[in-house]
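Let us read this model feature by feature.

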Amino acid sequence: VMWLDFDIFLVQNPGPMISAAAEGYDLLMGYDYDSIASAMVSFKRARPVTHRWLFEMVRWLYDHPYEHDQRAISAFLNYTEKVALKAEHLPTQPRWFVLDVNNAFINFASWEGRFEELQLVHFVDGSAFSLYGRSESDPSVPETKRRMVTDEENGGVKRTAMDFFYQPGPIAADPATFWREQPQLTRLLEGQRRPRPAQKQKCGILPSVETAHSGYGWLVEAGA
């Protein structure tokens, strides 16, 4: 089963790459170029251990609606975060790792820049802040949502990066020739290229929010 956030654009069918990456694992999580594991995209293999782990986590979140789902996912994976549940009561974790965030399953804010490997773009749109009655000044609203880009090809209107991708042309484009046919989108992503960080941000949902773990998890040591 694949989970995809709504603010994701599929450049091509990620199935073959996910199948190869899932060899030996029951769960693959999204990640971030600069920081920590992310729930924006995930692959879950239909096995009893995965089913029980997911069931117990969703049930716990239902009974604890105040908790951030991303923090709960990390906690139930016993990875850097803690929630109001003792470690001995956690379900058995499935065998898990993370997807390639450097070039294949990227967040729009930054990536290494290999277009031929790119499977999908997550825009970290953040529109959910409005559902909670929060203003645009809320610190949880991501920079990619605040940043507007001038669309020179359509009268100079201001659009978010996600709006550029969700147009009829890109949606109908052939994945084999996508970047050649969509030069404006190519320029947008070229502008997000960054050198691979020497070290990721420390653990946490937001850099300004105190977390249960003040250092780095084993994924950083694994070079993920």
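Q: Is R193 buried, partly exposed or exposed, and what is its relative accessible area?
A: Buried means under 20% relative accessible area, exposed over 50%, and partly exposed in between, with a 1.4 Å probe and protein chains only. R193 has a relative accessible area of 36%, so it is partly exposed.

Q: What should I know about the model before going further?
A: This is a predicted model, where local features need pLDDT of at least 70, side-chain atom pairs count only at pLDDT 80 or more, and totals for chains, interfaces and linings use all residues. Residues are numbered from 1 along each chain as its sequence is written, and side-chain values use heavy atoms, with hydrogens and water left out.

Q: Which residue does R193 meet in a salt bridge?
A: Side chains of opposite charge can pair when their charged atoms come close. A salt bridge is a side-chain nitrogen of Lys or Arg within 4 Å of a carboxyl oxygen of Asp or Glu. Here the side chain of R193 meets that of E190, at 2.9 Å from N to O. E190 is partly exposed too, at 35% relative accessibility.

Q: How many salt bridges does the structure hold?
A: The structure holds nine. One of them joins E67 and R71, with the closest N and O atoms 3.2 Å apart. E67 is buried at a relative accessible area of 17%. R71 is buried as well, at 15%.

Q: What joins the side chains of E56 and R52?
A: A polar contact is a pair of N or O atoms within 3.5 Å; within protein, one must be able to donate a hydrogen and the other to accept it, and residues adjacent in sequence count only if both atoms are side-chain atoms. E56 and R52 have such a contact between their side chains, at 2.8 Å. E56 lies in helix α2 (residues 48-63) and is buried, with a relative accessible area of 19%. Contact in general means heavy atoms within 4.5 Å. Not counting residues up to four places away in sequence, E56 touches F76 and P91.

Q: Which residues have the most contacts inside the largest nonpolar core?
A: A nonpolar core is a set of buried Ala, Val, Leu, Ile, Met, Phe, Trp, Tyr and Cys residues joined through side-chain atoms within 4.5 Å. The largest has 19 residues, and those with the most contacts inside it are L118, V121, F123, F165, W179 and L189. α5 (161-165), α7 (178-181) and α8 (183-190) each supply at least two residues of this core. α5 gives the most, with four residues. Another core, of 18 residues, lies apart from it; A72, F76, V83 and V98 are among its members.

Q: How many helices and strands are in the protein chain?
A: The chain has nine helices and nine strands. Of its 224 residues, 45% are buried.
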